[in-house]
Amino acid sequence: MRTIAIPRLYCGASGQRGAYNRQEVGLARAFAELGCRVLVLYPAVGAHTVETETPAPGVKVLYLPARALRGNAFYKSWQVLLDEKVDAVHLMSDNALAVPGLYRFCRRHGIFLYNVVGVTRSRSDSAAIRLVMDLLGRRNRAVYRRTPTYAKTAAMAGELQAMGVPCAGVLLVGLDTAIIPQVTETRAALRARLGLDPAARYLLFVGRLDPYKRPLDVAGVLAALPVDWQAVVIGQGSLTEELRRAMEAAGLAGRWRHIPKLPNEEVQLYYHACDVFLNCNDQEIFGMSLLEAMYAGCTPVARRAPGPDEIIEDGVSGFLVTPAPGDTAALAAAVEKAAADPAMARAAETRIREHFLWRNSAEKALQMLREKGVGTDG
């Protein structure tokens, strides 16, 4: 049986125990369903012992002692890869500082390593930190040239090629359907349960209310829509109060609902209850909430960005918009068009089911491992 390890090289809330929609665990489940044994490695900063959990058959999650430097994780030892007889390491590497060290360990011990890259540049607000991280990132690019390296999007594939890194293909981020509840209620029943106006049309925004997500655009879009439109905003952040003031200044105080935080199973209900999902971030690397909304049949309207450009078929499974700075009317026009086409909602769901589940990427990676003669099926 082929054994695959998926280590996380970053510290952060998304990799902590109990966090929702951990990409590593979702991918691990898909590999296990295809007959692999899978280890997911998470850094436990400051810990002195290893903790274990088993979220699914064939999947073992290990929390390993580690150190942290500005969000980067450095495991105290990679011995676990030898103890668990790992055949291959699936590394979502990006610009993590520990990539070269892990590569050298795997090369020394005959463990096959391949990379999946979604980011090659630092996005820090500090110019000094960006410069340092980008210089250190050259070490990772040297590793990428020596291993099979996949991109998370077609845009990143082009960026890798421009850097002189041969790209093995695109391995898309997927949706972990095991953590998404089945919603069988009608939209009318859901709206009654959630206290939403049955006669209104609803725009939905889910995400951090921070500048990079551009949540203030929701006020401009809602103001440009007819009065039967309302908005639901789920999230919190540094722009929470500014968004509230923008809504009040535009006379929209009675046309929107702000929910700072919800259990994720309840967020799923809003995906099913609303008409259009709005993604305003023009630097979106991928967008897990975008995948979830489309999977629920909530038609997306998004600013063009690497993630939405990869996910949405413009005019088929949603709309991609490139508005001028400050122009929310173009987004509003796309919202109206999206809501008027029921077939687009069905196409959005189909798009995710056929292309953006973790099983799709797991199958592609396994095919590569078979061709390289890494491990055995069974």
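**Ground rules.** I am working from a predicted model, where local features need pLDDT of at least 70, side-chain atom pairs count only at pLDDT 80 or more, and totals for chains, interfaces and linings use all residues. Residues are numbered from 1 along each chain as its sequence is written, and side-chain values use heavy atoms, with hydrogens and water left out.

**Entry: Thr149.** I looked up what Thr149 touches. Leaving out residues up to four places away in sequence, I found Asn115, Val117, Tyr144, Leu160, Val165, Pro166, Cys167, Ala168 and Gly169. Contact here means heavy atoms within 4.5 Å. Thr149 sits in strand E8, residues 149-151. Strands (E, at least two residues) and helices (H or I, at least four) are DSSP runs numbered from the N terminus. Thr149 has a relative accessible area of 0%, so I list Thr149 as buried. The scale is under 20% for buried, over 50% for exposed and partly exposed in between, with a 1.4 Å probe and protein chains only.

**Entry: aromatic rings.** I searched the whole structure and got 5 aromatic pairs. In one of them, Phe112 and Tyr114 have ring centres 6.4 Å apart and planes at 40°, so the pair is tilted. The rule takes rings of Phe, Tyr and Trp (its six-membered ring) with centres within 6.5 Å; planes under 30 degrees apart are stacked, over 60 edge-to-face, the rest tilted. Phe112 is buried at 19% relative accessibility. Tyr114 is buried too, at 0%. Ring pairs join Phe112, Tyr114 and Tyr150 into a cluster.

**Entry: H1 against H14.** Next I looked up how helix H1 (residues 23-33) packs on helix H14 (residues 358-372). The angle is about 65° and the axes are 8 Å apart. Axes are lines fitted to C-alpha atoms over the stretch in contact, and angles run from 0 to 180 degrees between N-to-C directions. On the H1 side, I noted Gln23, Gly26, Leu27, Ala30, Phe31 and Glu33. H14 supplies Trp358, Arg359, Ala362, Ala365 and Leu366.

**Entry: cysteines.** How many disulfides does a search of the whole structure find? I got 0, with a disulfide being a pair of cysteine sulfur atoms within 2.5 Å. The sulfur of Cys106 has its closest cysteine sulfur in Cys36, 17 Å away, too far for a bond. Cys298 is in no disulfide either; the nearest cysteine sulfur, that of Cys274, is 5.9 Å away. Cys106 is buried at 1% relative accessibility, and Cys298 is buried at 0%.
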